[in-house]
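The sequence and the model come first, and my entries follow.

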Amino acid sequence: MAQSKSFRNSSLSDRIFDVCNIIFMILLVIVTLYPFLNMFALSFNDANDSVRGDIYIWPREWTLRNFDYVFSESNIFYATFISAARTIVGTVVSVFCTAMLAYTVSRPEYKLKKFVSVTFIFTMYFSGGLIPGYLLIKELDMLNTFWVYIIPGIIGVFNMIVIRSFIEGLPEGLMESAKIDGAGDFITFARIVLPLTVPALATVSLFVAVYQWNSWFDVFLYNSSSPSLTTLQYELMKMLSTSNTSSASSAADAFANAKGNAAAVTPTSVRATMTIVASVPIIIVYPFLQKYFVKGMVVGGVKG
Amino acid sequence: MELGKGTVQVEKTAGQMAKSNAGASRFKTFFIELSKQKMLMLMSLPFLIWVFVFKYLPLWGWTIAFQKFKPARDFFDQKWVGWDNFKFLFQEQQFYRVLRNTLVMSSINLVFGFVTSIVLALLLNELRNIFFKRTVQTISYLPYFISWVVASNIVQTALAPEGIINVLLLKMQFIDHPVLWLGVGKYFWGILGATEVWKNVGWNTIIYLAAITSIDPSQYEAAEIDGASRLQRMFYITLPGIKPVIVLILIMNLGHILESGFEAQYLLGNGMNVDFSENLDIFVLKYGMQMNNFGLATAAGMFKTLVSFIFLITANNIAKRMGESRLY
């Protein structure tokens, strides 16, 4: 008796649970997406019209003037180029090098396997810190160079672990037979291992590309005196801190004076436009790599 | 060329010797075998040099913590001051304030982030429509990938006097005039905690969802036959099923307790909330790069690294002892 009653109750309560759960998920989606839609609306809406308020998820008076303005600023044009360049160069170089290192530490016969692994993994536990790191870059004469974006981060230890775990899961026979055919380690790595490691490489590429695209602190710290090496995120960050310290209206004046057309844009519209420019590449790319990075996270997180 | 020849000779003589007294020369065999792995060595050596230069060499910079450092001077011309920088640091009122902020903010992030991501993972797991579930998951990962600069811009826009938060709260009549949220110090920790959850909660579910898939489905079937409701199954099967992963992640997060993040505090912090937003990393940046007190900044950074190191090693050892895990 009691059992059948609880069964009937539970199926009703199950349905209530389902409904609540779906409502909760929809709320979550709204909270996650609303800010982006709001930025989208502000970036395509006429700046003076936006001042009147009540722009939420859709532009009221469509215009491309905000984008026109943003890309006509020479430093933002540069910044977009440098952001793209560091993302592409940084990702290719770092992923190739990390994969090569991961291959060497995945070879069971390699005599330095343990030594190399430990040397790298140990660095996850400490760092010299900000000041010694800065002085090192200064001593190496890398201040105000493009390479300061690439070289200090060339190997990611977590990424190395992800790739290594993946290579260790490949059938050993493949590498054996390559050796028998007379291929050296580099050929085996480049011709056999790399093509088979694509899922892991996709994961790691996404991590590195996102890191590169989103970086602003290294620009701030090492290259803030070279305007030709600025990045999108750093330019956006500077806009944020101006609007933080001075009142919004004086920032608007500064923009207007700089451009000479007082009516065209406002700090809010420029910031929204920059936000869209700075996040659209990521929004487009990451969903396609989802199945890879979900797997990569689990492998890297649990196996390390 | 000469070098290569030399190695071959060494290899030969070493080979003969190894033959003459086998067993006694494990050391030599090691080098013989290693010398056959020139390509592997060539493929890892550049990175060994890299890791030495970029990760280990900066440790030398810790000597600055014991100097009255002037960038223009050579290492040998620096004035050594012993423990003075540390003494000054531990007497500095501000240091205790940033230490408090660091610990409070990372604790809030830890508890908030931890609970919300487990709850979200459990709820996602209960969604029956796979397409809906996938869509929600994909959307929930989005904020993780955008930069802190963009996230801070979003937060500032939402919290502005005419921003959505004030609009909603005014409409619901929780407040009767717009609040300058980022201008009030005591709100900062809550804002930061909520922002961190917004940004990372979806991403953090990945590991729990993976753990849930490894729970034996027959347990659910048995529970269903026994008449357990969805909530009961969630509490008595799913949650205990992922307990080892939960405990593991908790321990690892405790190891990172001094890492409360830097970008969010730096970008959302301002003159009005500085007493609550400034953490250890910002303290180091401020003293080192802006006030040129390299010695004091390095001492603070060194303090942080050493304490973190102890926490991390301890956390790692506990995780290992539990047997569950191989997290680093």
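**Entry 1: chain A overall.** I began with burial and found that buried residues make up 52% of the 304 residues in chain A; buried means under 20% relative accessible area, exposed over 50% and partly exposed in between, with a 1.4 Å probe and protein chains only. The model is predicted, so I kept in mind that local features need pLDDT of at least 70, that side-chain atom pairs count only at pLDDT 80 or more, and that totals for chains, interfaces and linings use all residues. Residues are numbered from 1 along each chain as its sequence is written, chains are lettered from A and ligands numbered from 1 in the order in which they are written, and side-chain values use heavy atoms, leaving out hydrogens and water.

I then looked up the secondary structure: chain A has 15 helices and 0 strands. Here helices (H or I, at least four residues) and strands (E, at least two) are DSSP runs, numbered from the N terminus. Of the contacts in chain A between residues at least 6 apart in sequence, 70% join residues at least 24 apart; contact means heavy atoms within 4.5 Å.

**Entry 2: annotated spans.** I consulted the UniProt record, an unreviewed entry, whose annotation "transmembrane region" covers residues 16–37, 76–103, 115–134, 146–167, 188–213 and 270–289 of chain A. Such annotations may be inferred rather than shown by experiment. I checked two of these spans. Residues 188–213 of chain A are 96% helix and 0% strand, with end C-alpha atoms 32 Å apart.

**Entry 3: H10(A) and its partners.** I took H7 (residues 157–168) and H10 (residues 198–214) of chain A, which pack at about 170 degrees with axes 9 Å apart. Axes are lines fitted to C-alpha atoms, for helices over the stretch in contact, and angles run from 0 to 180 degrees between N-to-C directions. H7(A) and H10(A) are therefore roughly antiparallel; angles over 145 degrees count as such, under 35 as roughly parallel, 65 to 115 as roughly perpendicular and the rest as oblique. Their contact includes A:Phe158 and A:Phe166 of H7(A), and A:Pro199 and A:Phe207 of H10(A). By class I recorded 10 nonpolar, 1 polar and no charged residues for H7(A) with H10(A); Ala, Val, Leu, Ile, Met, Phe, Trp, Tyr, Cys and Pro count as nonpolar, Asp, Glu, Lys and Arg as charged, and the others, Gly among them, as polar.

Next I examined H4 (residues 74–106) of chain A, which packs on H10(A) at about 140 degrees with axes 8 Å apart. The two are therefore oblique to each other. Among the contacting residues I noted A:Arg86 and A:Gly90 of H4(A), with A:Gln212 and A:Trp213 of H10(A). The contact of H4(A) with H10(A) has 8 nonpolar, 7 polar and 1 charged residues.

**Entry 4: between chains.** I found H5 (residues 113–122) of chain A packed against H3 (residues 38–56) of chain B at about 30 degrees, with axes 11 Å apart. H5(A) is thus roughly parallel to H3(B). Their contact includes A:Phe115 and A:Phe120 of H5(A), and B:Phe47 and B:Trp50 of H3(B). It has 9 nonpolar, 2 polar and no charged residues.

**Entry 5: A:Gly128.** Is A:Gly128 buried or exposed? At 8% relative accessibility, it counts as buried. A:Gly128 lies in the loop between H5 and H6 (130–139) of chain A, and I listed its contacts as B:Pro58, B:Leu59 and B:Trp62, not counting residues up to four places away in sequence.
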